[in-house]
Amino acid sequence: MILALTDILPALLVTHAPALLVVAPMVLAPLVAMLPSGRLAWGFAVLGTGFSLIMALVLLGQVQSVEDGAVISYAMGGWAPPAGIEFRIDTLNALVLLLVTGMGFLASIFGWPTIKAEIASAKTSMFFAAYLVCFTGLCGVAATGDAFNLFVFLEISSIATYVLVALGAGRDRRALPAASNYLLMGTIGASFFVVGVGFLFAATGTLNMAELSLRLEDVEDNKAVLAGYAFIFVGLGLKAAMFPLHQWLPNAYAYSPSFVTMFLAATATKVAIYALIRFLFSVFGLEFSFEGASLILILMPMGLAAMIACSFQAVFQTDIRRMLAYSSVAQVGYILLGVSLGTAAGVSAGLVHLVNHGVIKGALFMAVAGAVLVYQGTSLNDFRGLGRSAPWTMTAFGISGLSLIGVPLTAGFQSKFALVQALLEQGWWWAAIVVVFSSVLAVIYMGRVLEAVFFQAPLNPNKRQKEAPLIILLPLWGLVLVNLWIGLNGRFLFGLTDGAAASLFGGGF
Amino acid sequence: MMPLLPALNPGLLMVVMGLIAVVLPWQRLRQFLLVLTPVFCSVLLLGAERGVDLATIQTLGLNLVLFKVDSLSFIFALAFLIASFLNAIYAMHTDDRLQDGMAMAYAGAAIAATLAGDLMTLFIFWEITAVSSVFLILRAGTKAAYQAAMRYLVIQVFSGVLLLNGLAYVHGDGGDLSLTAFTSFAEPGSVLIFLAFAIKAAFPFLHNWLQDAYPKATVVGAVVLSAFTTKLAIYAFARMFPGFEILIWIGAVMTVFPVFFAVIENDLRKVLSYSLNNQLGFMICAIGIGTPLAINGAAGHAFAHIIYKGLLFMSMGAVLYRVGTVKATELGGLYKSMPWTTIFCIIGAMSISAFPLFSGFVAKSMTMSAVGSGGYTLVWLMLLFASAGVLEHSGIKIPYFTFFGHDAGHRVKEAPFNMLLAMGLAAFICIAIGLPMIGGLGYGWLYGLLPCTAAAVADVCLSSGEAIKTYQPYTLDHVITQMQLLVLAILAFMLLKRAGLYPPERPGTILDTDWFYRKPGYGLAKWSGDVWLKLGPAMTRISAALFHRTFDRLEAAFSPRGALAREGLATTMSVWAAALLGFVMLVVLFAG
């Protein structure tokens with residue numbers, strides 16, 4: 001089906017797909033900023049992200065057209081790498097791009113009613129422009145093959161994100177300190193990253209990631225490389241909300257506009273994790289003796305700590321969005337735990353969870369946004385009895401919540417099963433026990449909400465029966481169906497992640 | 001029939017129908033569907049080909065066999081279908097979509113698990129039984145029921161987790177996931193799977209969830225719950241662990257210890273829950289023996305048990321529905337107002353006590369004979385004691401304190417017609433399969449369904465290497481032994497009652513072993529929660545104080561003043577980032 005898409009589209013679109021995917025929303029952004037009508041801006045945002053989604057599908061089709069997964073190398077502006085900037089798409093990139101563009105597209109469809117309610121109409125066009133810039137940055141990170149270019153895109157997306165988070169101030173003033181905190185922390189992360197890239201450049205003389213990985217082999221003992229590794233590791237860890245560098249996340253998610261929360265939760269940390277995986281396994285590669293040590297001594301304990309500590313914190317939250325935010329950090333822990341195994345199976349399990357968690361959290365935040373739009377209030381008490389007032393919205397919430405716990409027949413189960421299998425394969429049974437324990441905590445914090453939603457009487461009995469608008473329900477149920485589809489038949493996703501992991505371990509670039 | 005239908009697992013159909021019923025607002029249509037579905041599913045089951053994989057799907061690199069029937073799964077599935085049919089009738093007086101639908105989904109999941117052809121499918125439906133059944137407890141709507149339901153859910157899901165881990169071991173070891181019996185505990189994963197089953201089968205010390213949750217369920221809920229979960233575990237044991245000697249002893253202990261609790265318990269539905277435990281002991285013991293006769297005993301007993309235990313719970317449910325209590329101290333003399341319920345309850349009581357002519361007798365005789373011929377004298381004596389105990393607390397105590405005894409003065413209406421109909425049908429089955437063979441009706445009908453007959457042989461029957469023989473329940477010595485036991489036990493009850501020595505019913509709570517994990521466990525959880533709540537802010541304060549002094553420079557370098565003073569968060573985190581950077585540097589330097 002995806003291959004057919006490549007045939008239908010004009011050849012020009014197909015050859016330049018890597019560039020167009022990123023450039024289209026970038027060009028649209030200033031255009032959208034000048035539009036007088038918010039509704040028109042929304043239309044353009046949907047078009048732009050939809051176009052990127054099609055490009056991502058085209059790329060996936062091209063990558064999948066060869067048995068072991070092809071690698072598309074696209075020279076920006078015709079300047080051949082390593083001197084010029086290279087966009088480099090393999091199965092892993094294509095997978096992350098599909099996630100980002102897919103979620104971006106659904107988010108832009110769903111966003112209109114909540115944005116209309118939460119953002120002043122004069123700012124709506126600017127808001128969509130910022131969103132498109134953020135989207136561009138995330139796509140760029142996932143597409144580029146150049147380390148410095150990756151930094152640039154990371155900053156593009158981050159700076160736009162700070163703006164988006166701060167715009168939540170219209171609803172809750174606490175969005176401002178949250179955004180400023182996020183700005184500070186994000187800048188520290190980005191600075192660390194760019195310092196690390198600087199060290200690597202000093203040691204090797206190149207910024208192209210493929211070239212870096214070749215040249216790094218010769219300078220293994222160079223202390224600058226070691227320092228560069230440490231800076232990049234921590235910098236990307238911060239962006240990915242690796243425990244204990246996650247503290248910017250809960251407030252940023254809790255106080256930003258509903259739409260922004262949903263989009264960020266599904267994509268932002270995922271892209272940072274992608275970059276981390278890319279640097280760990282492609283650029284450096286497991287031959288570096290220190291890398292294995294850092295996986296086992298840092299990534300694994302941090303992953304486990306996140307799964308436990310943040311799940312506990314989620315248990316004690318009374319605000320649903322904060323609770324989901326803490327749960328996100330815990331889920332990042334699962335992904336990093338899989339990655340820290342340093343095996344193809346482990347990374348594949350991590351990637352599966354990366355995608356699944358994007359789908360799950362996206363749907364959860366969408367449902368919350370829908371409920372907040374109609375009923376106001378994000379505390380647990382506000383959600384009491386909503387199962388009866390808004391059954392469609394809340395059923396989608398419930399299914400995604402069960403998936404977050406890891407109930408069989410849902411996507412969450414597939415990823416946890418794969419993770420436990422990968423852990424047992426390496427004999428890390430104690431980590432598997434922690435996974436199970438953390439799942440029990442998930443049962444508690446999700447169960448608490450589901451119980452309130454479906455079994456408790458509403459606080460205010462006069463609450464009227466009203467669903468979220470159809471334009472929210474459609475993308476929401478789309479995500480739920482994707483979730484169930486993965487849960488019933490994970491072959492497509494597992495095929496992609498296994499391919500991505502195999503290409504990471506099959507000699508890097 | 002359509003070509004698709006033979007490959008449709010009836011259980012799966014019931015799960016789907018149950019979920020549909022949850023959203024179906026029209027009471028009559030829903031109940032019509034719920035009664036009809038088990039009948040239709042029985043047709044599917046009867047028509048299903050034996051011993052072949054009827055439906056398979058590939059996923060996760062596993063071959064899932066969704067539907068496979070052999071003589072062992074057949075008898076369990078049939079019993080489950082009959083039970084869900086009776087339950088649907090029994091529930092007709094209520095208009096409760098969630099309860100109706102979840103009861104059907106739960107029954108369907110149990111049936112689908114029974115008809116599963118591999119461990120993974122079994123696991124999936126195993127978990128669905130747990131999740132769907134919890135609603136039957138929740139719907140009681142009381143705080144106690146809510147808390148019991150949560151404990152129940154945690155334990156049931158934990159059982160599923162163990163099963164999943166076990167099957168991951170089996171799979172990881174290169175073993176296929178088909179349901180072939182284990183031969184020893186040395187096989188990978190067998191211990192985990194054993195424990196998973198043991199929790200569901202309510203083994204001693206793992207049993208508390210049962211007495212905790214069932215008596216707190218709704219009127220209909222307790223009836224439904226009594227049929228499926230534990231019998232699914234019995235099936236699973238018969239399938240995976242036949243002939244494991246440890247089961248003989250566990251089973252024997254399991255028959256004996258609930259007797260003491262049941263005799264002094266005041267809540268009659270709790271008495272029935274203890275007695276359920278004791279009955280399961282007989283089946284576990286038989287599975288431990290593992291000969292074809294013993295497997296037949298376990299399966300036949302399970303079949304008969306599902307019906308008569310359901311009947312007893314139904315009668316107690318009817319009393320609860322009309323009178324509002326099932327405390328022995330508050331009941332008595334109800335035979336005047338509820339004559340039909342009384343009769344049906346007595347039939348159930350006589351079945352569970354294994355009076356000749358009733359279903360319990362023809363089923364339990366097989367187990368007793370198998371234990372006797374296996375040479376386990378001590379076990380045989382324990383089972384004998386337990387049989388007397390069953391008569392005491394289920395056979396006599398339940399009907400006596402409810403319907404006779406001192407008249408508590410309740411003058412209520414007879415149970416609703418649909419309840420009477422369900423009880424009547426169950427009572428009919430109890431007698432129909434217990435009678436000697438008269439004109440095609442009688443125990444032969446049950447024996448024809450057994451898993452180890454000349455006509456149909458399940459895999460597990462051959463594991464012990466013993467030949468399959470036909471068994472006669474109505475021989476002179478069987479009947480006489482049983483009658484002696486029964487008459488003496490009744491005599492003992494009368495004498496004790498006369499002499500005033502029978503333990504009087506007192507309103508109160510009897511402590512079972514679950515006290516040890518419930519009270520201190522709750523305390524521990526609460527304490528940890530308090531500690532966490534106090535520790536969190538305290539730690540933030542301490543760390544913030546520390547960091548403020550030590551890292552003033554860093555703070556000034558990384559962030560403008562105002563924001564930090566208000567929030568204090570960015571400081572903490574930048575320090576974390578720096579610390580982690582230092583740590584990574586150290587690790588990298590020393591490892592490299």
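**View 1. Helix H6 of chain A is largely enclosed by the rest of the structure, because 19 of its 20 residues are buried.** The model shown here is predicted. H6(A) covers residues 124-143. From its first C-alpha to its last, H6(A) reaches 28 Å. That is close to the 28 Å expected at 1.5 Å a residue.

**View 2. Helices H14 and H15 of chain A pack against each other at an angle of about 170°.** H14(A) spans residues 320-340, and H15(A) spans residues 344-375. Their axes lie 8 Å apart. Angles over 145 degrees count as roughly antiparallel, so H14(A) and H15(A) are roughly antiparallel to each other.

**View 3. Residues from both helices make the contact of H14(A) with H15(A).** On H14(A), they include Ile320(A), Leu324(A), Ser328(A), Tyr334(A) and Val339(A). Arg321(A) and Gln331(A) of H14(A) also take part. H15(A) contributes, among others, Val347(A), His353(A), His357(A), Lys361(A) and Phe365(A). By class, the contact has 11 nonpolar, seven polar and two charged residues.

**View 4. Chain B and chain A meet in a contact that takes 32 residues from chain B and 38 residues from chain A.** On the side of chain B that touches chain A, the elements giving two or more residues are helices H5 (119-138), H6 (143-172), H19 (515-550), H21 (561-567) and H22 (569-591) of chain B. H22(B) gives the most, with 16 residues. The residues on this side of chain B divide into 23 nonpolar, six polar and three charged.

Key: Residues are numbered from 1 along each chain as its sequence is written. Chains are lettered from A and ligands numbered from 1 in the order in which they are written. This is a predicted model: local features need pLDDT of at least 70, side-chain atom pairs count only at pLDDT 80 or more; totals for chains, interfaces and linings use all residues. Axes are lines fitted to C-alpha atoms, for helices over the stretch in contact, and angles run from 0 to 180 degrees between N-to-C directions. Helices (H or I, at least four residues) and strands (E, at least two) are DSSP runs, numbered from the N terminus. Angles under 35 degrees count as roughly parallel, over 145 as roughly antiparallel, 65 to 115 as roughly perpendicular and the rest as oblique. Two residues are in contact if their C-beta atoms, placed from the backbone, lie within 7 Å. Ala, Val, Leu, Ile, Met, Phe, Trp, Tyr, Cys and Pro count as nonpolar, Asp, Glu, Lys and Arg as charged, and the others, Gly among them, as polar. The expected span of a helix is 1.5 Å times one less than its number of residues. A residue is buried if 20 or more other C-beta atoms lie within 10 Å of its own, exposed if 12 or fewer, and partly exposed in between; C-beta atoms are placed from the backbone.
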